[in-house]
Amino acid sequence: EKCVACGQCVENCPINALRLGQKLCSSLPVVENITTTITPRDEDWTEDKWNPEYRLNRENVVDSGTAPCKTNCPAHIGVQGYIKLASQGRYAEALELIKKENPLPAVCGRICNRKCEENCTRGEIDSPVAIDDIKKFIAQLELDKASRCIPEKRFEDNSHIKVAIVGAGPAGLSCAYFLALDGYDVTVFEKENRLGGMLTLGIPEFRLEKNVIEAEIDIIREMGVTFKTGIEVGKDVTLEELRQKGYSAFYLAIGAAGGRKLGLAGEDASAVYTGVEFLRRINSGESISLKGKTIVIGGGNVAVDAARVAVRCQSEEVAMYCLESRQQMPASEEELEEAETEGIALHNGYGPRAILTENGAVVGVEFKKCLSVFDESGRFAPVYDEQDILRVATDHVILSVGQSIEWGELLKGSAARLNSNQTLAADSFTYQTDQPDIFVGGDCYTGPRFAIDAIAAGKQGAVSIHRFVHEGHSLVIGRDRRQYKALSTKAAIIEEYDNTPRQKPDTLDHCLKTDFRDPRGIFSEAQLKAETARCLGCGAVILDEYMCVGCGQCTTKCKFDAIHLERRFDGEGVEFTELKPVVIKQIVKRKAKIAVKKVKKAFGMI
């Protein structure tokens with residue numbers, strides 16, 4: 001009844017006797033008891049019943065799945081757990097639970113792509129639980145030095161081991177946090193003069209105010225991490241030089257901070273920018289005037305950010321053009337609605353053909369109609385009608401059609417290799433490259449994704465490095481494979497629930513078009529209580545009673561008093577010298593049970 005499927009007991013059970021399942025009834029079969037019906041007590045235990053790969057194939061979830069919020073979060077945060085803690089007013093404990101997987105909760109409370117909400121079971125009834133706004137409320141503790149959560153180090157005897165992290169974006173910061181938690185001497189090298197990577201230089205203030213990033217970086221700094229800015233590894237110092245200075249492992253997390261062009265005629269004109277370049281210059285404090293008309297080419301979140309910033313750079317008219325339909329656009333619907341509120345026009349189904357210039361100045365863009373964006377297999381393969389041409393007058397063009405990875409001389413002399421798309425090749429589970437002491441994560445490994453994906457990769461990179469620097473340790477044996485499966489939300493049978501509507505924080509009252517402040521408010525405490533009550537509590541932990549050995553680790557991890565050890569049987573011990581007849585007696589009993597079961601099987605009684 002009390003279990004909220006936070007997963008702490010499951011992750012800490014040494015023999016995998018606990019797994020995440022579901023609390024809700026369902027029209028489909030649900031695993032309710034994973035205790036095996038076949039045990040050595042009444043079966044000959046032949047090799048076909050063994051699991052020789054038990055150290056590698058540990059599973060955290062039963063076949064019928066568990067809470068979709070935890071499943072679909074790339075970092076697999078215990079969402080249901082921190083919602084319950086918040087509902088009880090235990091905000092510091094809720095923050096502590098979030099930070100077991102995500103060291104940047106205040107950042108994610110503002111920019112997360114909300115995969116947890118997209119798949120929330122409550123969405124099958126009315127509206128998903130406002131998970132991100134709940135997290136944002138909790139994470140306000142991070143912005144005040146008096147209330148922020150600075151976890152205690154788990155180990156102190158690793159301080160002599162030096163680890164270098166290249167890149168201070170979300171993946172690098174996450175890796176630094178978890179390595180610092182394990183007591184390592186961590187140094188983060190950042191090419192730019194400001195920390196945060198694309199969080200700082202790629203996201204406008206109206207989506208993520210810089211004091212929020214700085215507050216969470218300060219916490220990592222207080223944990224003992226050293227930050228060195230304005231240093232480009234590969235140019236100012238090489239990996240080999242760092243090895244000679246005693247660094248035992250490296251985590252490369254340089255992101256995908258370069259812009260990308262399309263090879264169009266006229267795209268080298270001075271009034272043509274790439275989206276990431278434009279945002280970097282603005283976030284670095286540069287003043288850019290875009291008086292006149294501005295066209296943004298692209299349909300992702302970066303394109304929307306660039307368009308909204310263009311409005312704030314005195315552009316009288318801003319329009320976005322992209323290949324995709326409204327439903328196919330990578331940008332979130334929320335961001336698109338905010339853009340439209342600011343007067344930005346969206347034009348779907350057009351791809352650029354050429355940028356028109358006169359005497360070096362941009363005068364317009366020529367578009368061609370896009371008939372389809374993807375082929376039957378879902379691969380990006382746009383098809384155009386070359387006869388359907390649209391010419392649009394403009395004074396400025398922002399190309400937001402992708403990002404590139406700028407490796408420079410970072411990998412020179414290394415065995416690490418690049419893939420054809422310039423991402424770094426590495427093992428998909430351990431993130432180890434062909435150069436054994438180099439690990440990778442974030443956009444320079446996956447290509448451009450979201451901050452929460454990079455944060456999840458940072459933790460896994462830290463796990464691998466923690467194992468790698470201790471000689472003789474395997475990077476995979478006994479490791480949590482983080483394989484989650486969601487329950488069927490459509491099959492869930494929900495008989496009772498709180499019918500309060502989804503809460504919405506107030507929007508701050510100021511002129512959006514000229515202000516870089518974040519207009520989005522934060523829940524009041526009353527709104528938080530109302531919203532947390534909407535959670536259906538989908539998940540629960542299921543116990544394999546046969547596998548359990550009663551060690552009690554699970555009871556020490558549970559914050560909800562949901563799991564206890566109890567005495568089931570009274571037993572009387574015997575002296576070692578008298579043990580043999582007791583053992584023989586049990587052997588005879590077991591053989592008899594096996595024989596009886598074989599007879600029953602033979603006569604079809606089982």
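Reply: A contact here means heavy atoms within 4.5 Å. This is a predicted model, in which local features need pLDDT of at least 70 and side-chain atom pairs count only at pLDDT 80 or more, while totals for chains, interfaces and linings use all residues. Residues are numbered from 1 along each chain as its sequence is written, and side-chain values use heavy atoms, with hydrogens and water left out.

The parallel sheet comes first. Its 5 strands run in the order β8-β15-β9-β10-β11, and the sheet is open, with parallel pairing. Strands are DSSP runs of E with at least two residues, helices are runs of H or I with at least four, and both are numbered from the N terminus. Two strands count as paired if DSSP finds at least two bridges between them. At the edges stand β8 (272–274) and β11 (345–348), each of which pairs on one side only. From one strand to the next the twist averages 20°; the axes behind such angles are lines fitted to C-alpha atoms, for helices over the stretch in contact, and the angles run from 0 to 180 degrees between N-to-C directions. Helix α12 (residues 275–283) packs on this sheet, where it touches β8 and β15 (396–399), and its direction makes about 90° with that of β8. Within the sheet, β9 (residues 292–297) and β10 (residues 315–322) run parallel and are joined by 6 bridges. Across that pair, Val-296 stands opposite Met-320 in β10.

Helix α13 (residues 301–312) includes Arg-312. Arg-312 is buried, at a relative accessible area of 8%; buried means under 20%, exposed over 50% and partly exposed in between, with a 1.4 Å probe and protein chains only. The side chain of Arg-312 reaches the backbone oxygen of Arg-308 at 2.8 Å.

The antiparallel sheet is next. It is an open sheet of 3 strands in the order β12-β13-β14. Because β12 (350–358) and β14 (380–393) are the edge strands, with a single partner each, one side of each has no neighbour in the sheet. Neighbouring strands here are turned by 25° against each other on average, with direction ignored. The antiparallel pairing of β13 with β14 extends over 9 bridges, and Arg-391 in β14 is the bridge partner of Glu-366.

Val-373 belongs to strand β13 (residues 361–374). With a relative accessible area of 4%, Val-373 is buried. Leaving out residues up to four places away in sequence, Val-373 touches Leu-323, Glu-324, Gln-328, Arg-379, Phe-380, Ala-381 and Pro-382. Between Val-373 and Glu-495, which are 122 residues apart along the chain, the C-alpha separation is 43 Å.

Strand β6 (residues 247–252) is another covered element: because 5 of its 6 residues are buried, β6 is largely enclosed by the rest of the structure.

Ala-416 lies in the loop between β16 (403–404) and β17 (438–440). This residue too counts as buried, at 11% relative accessibility. Apart from neighbours within four places in sequence, the contacts of Ala-416 are Leu-411, Leu-424, Thr-433, Asp-434 and Gln-435. Ala-416 and Cys-73 are separated by 343 residues in sequence and by 30 Å in space, C-alpha to C-alpha.

After α3 comes Gly-89, which has a positive phi near 75°.

Key:
Polar contact = N/O pair within 3.5 Å; in protein donor to acceptor, adjacent residues only side chain to side chain.
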